[in-house]
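Hi,

Here is the structure I promised to pass on. Have a look, and my notes follow below.

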Amino acid sequence: MTKRFLLMAMAACAALALSAKDILVNTPNTSLLLKAEENQPLHISYYGERISDIGQVYYAYSLWDQAYPAFSGGGSNSHALSVKHWDGNMSTELVYIGDTQQSEANSTLYVISMKDKAYDLMVDVCYRAYNNSDVIETWSVIRNQEKKPVTLTKYASGFLPLRRGNAWVTHQHGTWAAEAYVSEEPLQDGIFEVREANGARNAFSSRANIMVSLDGKPRENEGRVVGAVLCWSGPYRFSIDTPDQKVHHLTAGINEVNAAYTLKKGESLTTPPLALAYSAEGMGGVSRSYHRWARLNNKVHNGTALRKILLNSWEGVYFDVSQDGMEKMMDGISDLGGELFVMDDGWFGSKYRRTRDNCALGDWVTDTVKLPRGIPALEKAAADRGLKWGIWIEPEMTNTKSELYEKHPDWIVCHPNRKPVTGRGGTQLILDMSNPEVQDFVFNVVDGLMKETPNTYYMKWDANFDIANFGSHYLTADNQSHLYVAYHLGLQKALERIRAKYPDLVLQCCASGGGRVNYGLMPYFDEFWVSDNTDAQQRLFIQWGTSMFFPACAMAQHVSASPNHQTGRVIPLKFRFDVAMTGRLGMEMKPGDLTEKEQAYAKMAVQTYKEIRPIIQQGNQYRILSPYDKTGYASEMYITDDKSDAVFFAYKFEHYANMFRPRFHFAGLDPDATYRLTELCRNGNPDHWEGHTFTGRFLMQQGVEIALGGQFASKVIRLTRQ
Ligand code: DGJ
């Protein structure tokens, strides 16, 4: 573009700014600017730091892209929408026809109505801007008012242009026991993509969340960063197309591959929200926005409630549950000061008894051989010890060896013409949540248990299989491609019913560990199981990645046995506690296996956690030294909103001679305030700073030395404003 042409274009844009309607979508610290003009496509020209003077955006001239581009030919790889109209026409031309703004409790909803120029296809492009956190959700509502059915071959939730520069994308990949590993790469020419097609456990490998750092290599607490999170539990697709030297185009939504969606006349589809966040305080700033948004707006169920300390029976006894064994574990956790006991897998089955993982899912009756006195006796045993009671279920699943499958072979996800491929135990199958009968069944699993043991406080909802047999007995032949969407809408329906009846039941979202860590499900779940890997060293990496998008109150982190069952690694109890304490603390072992000295330590650590729990679960997280930086150290901290109380965690997880020793810097403090440093859960000599006071500025700029001896040394430091 020549300089003269650029000046003309700027002048044209400035003129447009005066004649057309600007829609400024604001959160407390961010703005997104749209331009709506009758019979024209909706445009987006800015997303970043909050602005009030719109003119400067147009005079600066940076971005000018369609806000929700639809396919109609041309060379672009980035369409949010692709429609085959009733007459076979594949092109869509959306133009603005009106808009509304509506105030809600913690947000403002902007609905911009669009219509195809020649067809009665209506699309509402929606933005919800929060006033209690810097998050803007965007989604679309697509309505078919054409003569006959239309087919959506792409139906993304949102589109966002980003000015090209030295931009890097941060995304997460993993697998069982190694979830949410962080990857960073510069955005270059062509297409970057993260997509998932597992069907049921959409966070099992990659995650529906990315960040784009606009000012070079991603940094935790500096630089401009945009985050994008899809609030959906099914297959998804994020793509960033870099077509030229000027712009990156981010498109994100449901993965449309094998999921063409037909709308009959009069039908509509609402796409799941894409939650956008912007911060000039690095990735940590974006994380804090997501944490706050999740806690304050029920994006994690009951997000402002403090979570209880629990013992889960899985790694302690696996399938070998018994009244006596459970009571021993209850004694153990109650002696340590825990508050909740959860019986994991292995408690159910009649004709087929759940003695291992190959049968009985769906047969939610107590195995009276293992538990002759039934679940109510266990609930009572917990109550007698002052503990709340919790239980494990996997309601969307069955096994070929189950009474449920014998009775309802057509309830599984599988095409009637196919022999089902099985999963776990060689027998596991997944139920078809698109089927309303199955939705009722799933509701009744929870409702039935609640009727039998009304004081149940907690349920761990597991899901250990995928949509491996694509096809549905329930969906009609021409709607088979709806399965991925219909499954998750059906699951949501069942969860809505459960939540309507049991709003206070604490639900954990588990899927072979962190296989379902997504904001599609978290509005129904209080927490999620971060990973089946409880090795404290590897947890540093998994938890670090997970915390980039999810708040500490939702992250279930358990202290388990040593040697660790997944890795065989031997790690001291203090380090295991110090790592588990940065989320919702729990235990996953037989407490009776701890030595007396360890039990005394555990008791003290549990008591300490209770004192700092509000700071961790409801505070603002600052990740500081990343374990991914390969120094062998990691550090992070949590601080209250008023910056008066903070907890800092320092870890050393590798050790070699003449090892690099970092200076530990703090973050998020009030620079002008004075803080006293006290070590918590200390098991050695006091450090040189113990009990001394420092200004926030000094702690953030100069930092302190922290004596960390050999491998698996860690310290927890409380900072109290004086
Ligand atoms: C997978 C979960 O991730 C584990 O925590 C445990 O509940 C098992 N399933 C039980 O089968």
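How many residues does helix α5 have, and how far does it reach from its first C-alpha to its last? Helix α5 (residues 323-335) has 13 residues and reaches 18 Å, close to the 18 Å expected at 1.5 Å a residue. (That expected span is 1.5 Å times one less than the number of residues. Helices are DSSP runs of H or I with at least four residues, strands are runs of E with at least two, and both are numbered from the N terminus.)

Before you dig in: this is a predicted model, where local features need pLDDT of at least 70 and side-chain atom pairs count only at pLDDT 80 or more, while totals for chains, interfaces and linings use all residues. Numbering starts from 1 along each chain as its sequence is written, and side-chain values use heavy atoms, with hydrogens and water left out.

Back to α5. Its buried residues are Gln323, Met326, Glu327, Met329, Met330, Gly332 and Ile333; buried means under 20% relative accessible area, exposed over 50%, partly exposed in between, with a 1.4 Å probe and protein chains only. Their cover includes α4 (314-317), α6 (374-384) and β30 (584-588), judged by contact, meaning heavy atoms within 4.5 Å. Just after the helix, glycine 337 takes a positive phi of about 100 degrees.

Of the 13 residues around it, Asp344, Asp345, Lys460, Asp462 and Asp532 come nearest (near: a heavy atom within 4 Å). A polar side-chain atom of aspartate 344 lies 2.7 Å from a ligand oxygen atom. For arginine 424 the corresponding distance to an oxygen atom of the ligand is 2.8 Å, and for tryptophan 529 it is 3.3 Å. Taken alone, the ligand exposes 290 Å², and the protein buries 98% of that (Shrake-Rupley areas with a 1.4 Å probe).

Elsewhere, four strands make an open antiparallel sheet, ordered β1-β2-β3-β4. β1 (21-26) and β4 (65-66) stand at the edges with a single partner strand each, so one side of each is left without a neighbour in the sheet. Six bridges join β1 to β2 (residues 30-36); pairing takes at least two DSSP bridges. Valine 25 stands opposite leucine 32 in β2.

Last, alanine 713, in strand β36 (residues 713-721). At 15% relative accessibility, alanine 713 counts as buried. Its contacts include Phe575, Tyr651 and Leu708. The C-alpha atoms of alanine 713 and phenylalanine 653 are 7.0 Å apart, though 60 residues separate the two along the chain.

Cheers

Methods: A polar contact is a pair of N or O atoms within 3.5 Å; within protein, one must be able to donate a hydrogen and the other to accept it, and residues adjacent in sequence count only if both atoms are side-chain atoms. Lists of a residue's contacts leave out its neighbours within four places in sequence.
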